[in-house]
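Please read it alongside the sequence and the model.

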Amino acid sequence: MTEVPISWFLTLSAVLFALGVAGFLFRRSIITVFMSIELMLNAVNLSFVTFSYQYKQVSGHLFTFFVMVVAAAEAAVGLAIILTVFKNRATLNIDDVDSMKN
Amino acid sequence: MDVILFLIFAIIAVVAAINVVVQTHPISSAVSLIGVMGSLAILYLLLGAEFIAAAQVIVYAGAVMVLFVFVIMLLNAGAEAKRGRSLVVQLLGVPVLLALLGLLAYFVERAFPDSVKVHFGGFTGGSAQAVGRALFTTYLLPFEVTSLLILVAIVGAIVLGRKELD
């Protein structure tokens, strides 16, 4: 047996996505939360490429490419927001950034 | 051979992803995330996605993570403070997680019967030529819209970086 079942790739993708969700929910550092989002995007990319293999079409690669571009733009804006929050509040804990609560 | 390669890099990816979540220091998380992205690039190569594998290493593991590490260094982000976890979470967390993952693997296995098996070289349509041709014919409009998105992101990042917000 030298061939990998396609379901293994999908299971790996699901596991990585679940770990990203866990990090997003349980972590308190704003930077780590942001990295968890990147982890989820990577997991979805793996699914796209796997389905592209299954149907022998290149479209999945294109979607992965667009996800990468959006993730890069999101990282640039998100990190700028983190810098602004830190400049104004001197904290990276997401529980301390609650000015819209009151 | 393909199975061994898949298992090695899948295990590296999962262990590094767990490390991203459990490490308290952001730099450790960032380095683990680079490990996840690198092993995913190898898996892309196994699936015949050469261009995407290269872009993964250059864009994600290169550009995006450098940005992350740069911001972590700039802000001098320290370790996250430990919070007390309840007894229920400590006792039940890991078993429930494993049960959930087992159930998930079972349903994925059921939903995708192994009609298609992955072996290296089974799909050769992922070269830079094929991706480029699809990108500039079928997906030309999304590609142009993407350039607009990046322009907006650049302007937004500059404005956020300069302005003093209340």
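Helix 2 of chain A and helix 2 of chain B pack at an angle of about 5°, and because angles under 35 degrees count as roughly parallel, the two helices are roughly parallel to each other. Their axes are 10 Å apart. The model is predicted.

**Helix 2 of chain A against helix 2 of chain B**

- From helix 2 of chain A, the contact takes in Ile31(A), Thr32(A), Met35(A), Glu38(A), Leu39(A), Asn42(A), Leu46(A) and Val49(A).
- Facing them in helix 2 of chain B are Pro26(B), Ser29(B), Ala30(B), Leu33(B), Val36(B), Met37(B), Leu40(B), Leu43(B) and Tyr44(B).
- By class, this contact has 13 nonpolar residues, three polar and one charged.

**The interface of chain A with chain B**

- In total, 56 residues of chain A are in contact with 66 residues of chain B.
- On the chain A side, two or more residues come from each of strand 1 (4-5), helix 1 (6-26), helix 2 (30-55) and helix 3 (59-89).
- Helix 3 of chain A gives the largest share of that side, 22 residues.
- The chain A side divides into 39 nonpolar, 13 polar and four charged residues.
- Strand 1 of chain A and strand 1 of chain B (residues 117-118) run antiparallel and are joined by two bridges.
- In this strand pair, Pro5(A) stands opposite Lys117(B).

**Helix 1 against helix 2 within chain B**

- The axes of helix 1 (residues 2-22) and helix 2 (residues 26-46) of chain B come within 8 Å and cross at roughly 155°.
- Since angles over 145 degrees count as roughly antiparallel, helix 1 and helix 2 of chain B are therefore roughly antiparallel to each other.
- The crossing of these two helices of chain B is left-handed.
- Residues of helix 1 of chain B in this contact include Leu5(B), Phe6(B), Phe9(B) and Ile12(B).
- Among the residues they meet in helix 2 of chain B are Ser29(B), Leu33(B), Val36(B), Leu40(B) and Leu43(B).
- The contact of helix 1 with helix 2 of chain B comprises 14 nonpolar, five polar and one charged residues.

**Domains of chain B**

- Chain B is divided into domain 1 (2-126) and domain 2 (127-166).
- The C-alpha centres of domain 1 and domain 2 of chain B lie 25 Å apart.
- Five residues of domain 1 of chain B are in contact with four residues of domain 2 of chain B.
- On the domain 1 side of this contact there are one nonpolar, three polar and one charged residues.

Notes: Residues numbered from 1 in each chain as written. Chains lettered and ligands numbered in written order. Predicted model: local features only at pLDDT ≥ 70, side-chain atom pairs only at ≥ 80, totals over all residues. Domains from an automatic or database assignment. Contact = placed C-beta atoms within 7 Å. Nonpolar A, V, L, I, M, F, W, Y, C, P; charged D, E, K, R; others polar. Helix = DSSP H or I, 4+ residues; strand = E, 2+ residues; numbered from the N terminus. Pairing = 2+ DSSP bridges. Axes fitted to C-alpha atoms, helices over the stretch in contact; angles between N-to-C directions. Parallel < 35°, antiparallel > 145°, perpendicular 65-115°, else oblique. Left-handed = near helix turned anticlockwise from the far one by under 90°.
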